[in-house]
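Colleague: Please go through the labels used for this protein and say what each one rests on.
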Amino acid sequence: MKLDGRRRSNNVDDRRSSGISGKAVGGGIVGIIAIAVITLLSGGDLGDVVSNIMSQGGITNGYETTEYVEDAEDARLAQLSSQVLAGTEDVWAKVFKEQGWGEYEAPTLVLFHGAVQSGCGSATAQTGPFYCSADQKVYLDLDFFKDMQQNIGGSGDFAYAYVIAHEVGHHVQYLLGTLTEAHTAMSKMSETDANKVSVRLELQADFYAGVWAHQDNEMFGSLEAGDVEKALDVAAKIGDDYLQRKAYGKEMPETFNHGRSEQRARWLKKGIATGDPLQGDTFSPQYSSL
């Protein structure tokens, strides 16, 4: 992904040198927790994120506290994240104006290391990136990108950009009222039915990430050969079916809350191909047709 010379966003809150840093101490089933982190790559609801992690064995409340020191790779990833966020600002401001959706209000990207306090509660690096609608902020520990490469073989700047763009996609849903409406409905449903609504939210956020990629490329010529393929590979490897087979050796469709690998890759690809935000309706089709 070509980002040379691109502006950096002013909506970045860098908290890496404050608060608790380091790694959580203890906790069971470390391998499964690592998979849970990747599974929740795109978790828009922190409460679900935390409960899912705890259901896999949990983590303790203790930490090995260490002073955070930025290395060269962290500095590069921080700049990349800021530039990608700026790209989402440019694209979605344009889209909102074209669609008559009002003025786009950009989210803040909070960079943290180890643990953070959000408007949705406290979280650790094990939670993974998430969007909190309570404070309209995206939270990201840059170590997650390194974990992506180690745990699922997902790497490359555009793959990292997809992670950020997906979380911004949840912010777009919030601004349009989709996220609040869905969460309200989910609170009145059985867990199985609520999971199906969650899948619809996640697939739409994947689509919105693709819309951003398409329009960012039109505006800045940002995509390079192989970028799309790497992002689609990551999307496929964070499908619920893929991760459950990896963790448990079987699928449990009633617990899916992000979508199958094929679905995630297909909706991301559709967004990249069309660049049309109006073609991302994941709520009207029958669930089996998603």
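**Labels and cut-offs**

Modeller: Gly87 sits in helix H3, residues 72-99; helices (H or I, at least four residues) and strands (E, at least two) are DSSP runs, numbered from the N terminus. This is a predicted model, in which local features need pLDDT of at least 70, side-chain atom pairs count only at pLDDT 80 or more, and totals for chains, interfaces and linings use all residues. Residues are numbered from 1 along each chain as its sequence is written, and side-chain values use heavy atoms, with hydrogens and water left out.

Colleague: Why is Gly87 called buried?

Modeller: Buried means under 20% relative accessible area, exposed over 50%, partly exposed in between (1.4 Å probe, protein chains only). Gly87 has 1% relative accessibility, so the residue counts as buried.

Colleague: Which residues does Gly87 touch, not counting residues up to four places away in sequence?

Modeller: Arg6, Trp212 and Asp216, where contact means heavy atoms within 4.5 Å.

Colleague: Which backbone nitrogen does the side chain of Asp141 reach at 2.9 Å?

Modeller: That of Asp143. The backbone nitrogen of Gly114 also lies 2.9 Å from a polar atom of the Asp141 side chain.

How values were computed
Polar contact = N/O pair within 3.5 Å; in protein donor to acceptor, adjacent residues only side chain to side chain.
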